[in-house]
Every structure is written in C-alpha cells, then in structure tokens.
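Here are a few exercises to work through with the model open beside you. Try each task before reading its solution.

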Amino acid sequence: PDLSIGELQILRCINDGYCRTEIAAKLGIAQTTVSKRIRSAMNKLGVTSHTEAVSKVLELSYFGVGAE
C-alpha cells in the first residue's frame with residue numbers, strides 16, 4: 001500500500017505510545033486530521049483498528065520512510 005508520509009508519521013506516533021491529542025500537538029495538526037489519516041491508513045492496509053495498522057506497518061518495514 002502507498003501510505004503518505006503523514007499517515008506513517010501518525011502510525012509511528014501511535015507505536016511510540018502517543019494518543020491522538022498528543023499526536024496532533026506534536027505534528028501541529030488538528031485532531032480531526034489525525035483521525036482522518038488513521039482511517040485512511042487503515043483502509044489502505046485493509047485493517048479495522050489502529051493497532052492492526054501499526055502491526056501491519058511494522059510487518060512491512062514501513063517505518064524507515066517518513067520517520068522523524
């Protein structure tokens with residue numbers, strides 16, 4: 001799947017233990033944007049939860065791209 005840099009950044013933050021509010025503050029974006037990007041990533045990855053999305057991204061070794 002072709003995940004955007006923003007989607008990868010958010011999934012990395014989730015993996016690092018940040019909640020949506022913290023992710024929004026860290027990345028300087030709205031919480032609604034965080035939610036939309038999580039949903040978009042989940043759809044692209046074919047999963048139904050953010051936890052599954054992070055697991056899939058780890059499995060596919062995506063965190064080398066878009067990581068801070």
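Predicted model: local features only at pLDDT ≥ 70, side-chain atom pairs only at ≥ 80, totals over all residues.

**Exercise 1. Work out how the buried residues of H4 are arranged around the helix and what they pack against.**

Solution. Step one is to list them: Ala 53, Val 54 and Val 57 are the buried residues of H4. Step two is to look down the axis of H4, where these residues fall within an arc of 95°, so they line one face of the helix. Step three is to see what the buried residues of H4 meet: they pack against H1 and H3.

**Exercise 2. Decide whether H1 and H4 are roughly parallel or roughly perpendicular.**

Solution. Begin with the axes of H1 and H4, which come within 10 Å and cross at roughly 105°. Angles from 65 to 115 degrees count as roughly perpendicular, and H1 and H4 therefore belong to that class. Next, look at the residues that meet. H1 contributes Leu 8, Leu 11, Ile 14 and Asn 15, while H4 contributes His 50, Ala 53, Val 54, Val 57 and Leu 58.

**Exercise 3. Sort out which residues of H3 are buried and which are exposed on its other side.**

Solution. Start with the helix itself: H3 has 15 residues and reaches 21 Å from its first C-alpha to its last, close to the 21 Å expected at 1.5 Å a residue. Its buried residues are Val 34, Ser 35, Ile 38, Ala 41, Met 42 and Leu 45. These residues cover an arc of only 130° around the axis, which puts them on the same side of H3. Their cover includes H1, H2 and H4. Thr 32, Lys 36 and Asn 43 are exposed on the other side of H3.

Now take one residue from each side. Ala 41 counts as buried because its relative accessibility is 0%, and the cut-off for buried is under 20%. Leaving out residues up to four places away in sequence, Ala 41 touches Leu 3, Glu 7 and Leu 11. The C-alpha atoms of Ala 41 and Leu 8 are 8.1 Å apart, although 33 residues separate the two along the chain. Asn 43, by contrast, has a relative accessible area of 63% and is exposed, since exposed means over 50%.

**Exercise 4. Name the residues with the most contacts inside the largest nonpolar core, and trace the contacts of Leu 3.**

Solution. The largest nonpolar core has 18 residues, and Leu 3, Leu 11, Ile 14, Leu 45 and Val 57 have the most contacts inside it. Helices H1, H2, H3 and H4 each supply at least two residues of this core.

Now follow Leu 3. Setting aside neighbours within four places in sequence, Leu 3 is in contact with Leu 8, Leu 11, Ala 41, Lys 44, Leu 45, Val 57 and Tyr 62. Finish with Tyr 62, found in the segment after H4. With residues up to four places away in sequence left out, Tyr 62 touches Pro 1, Leu 3, Leu 8 and Val 57.

Technical notes:
Residues numbered from 1 in each chain as written. Heavy atoms only, no water. Core = buried A, V, L, I, M, F, W, Y, C linked by side-chain atoms within 4.5 Å. Buried < 20%, exposed > 50% of the residue type's maximum accessible area, 1.4 Å probe, protein only. Helix = DSSP H or I, 4+ residues; strand = E, 2+ residues; numbered from the N terminus. Contact = heavy atoms within 4.5 Å. Expected span 1.5 Å × (residues − 1). Arc of directions from axis to C-beta. Axes fitted to C-alpha atoms, helices over the stretch in contact; angles between N-to-C directions. Parallel < 35°, antiparallel > 145°, perpendicular 65-115°, else oblique.
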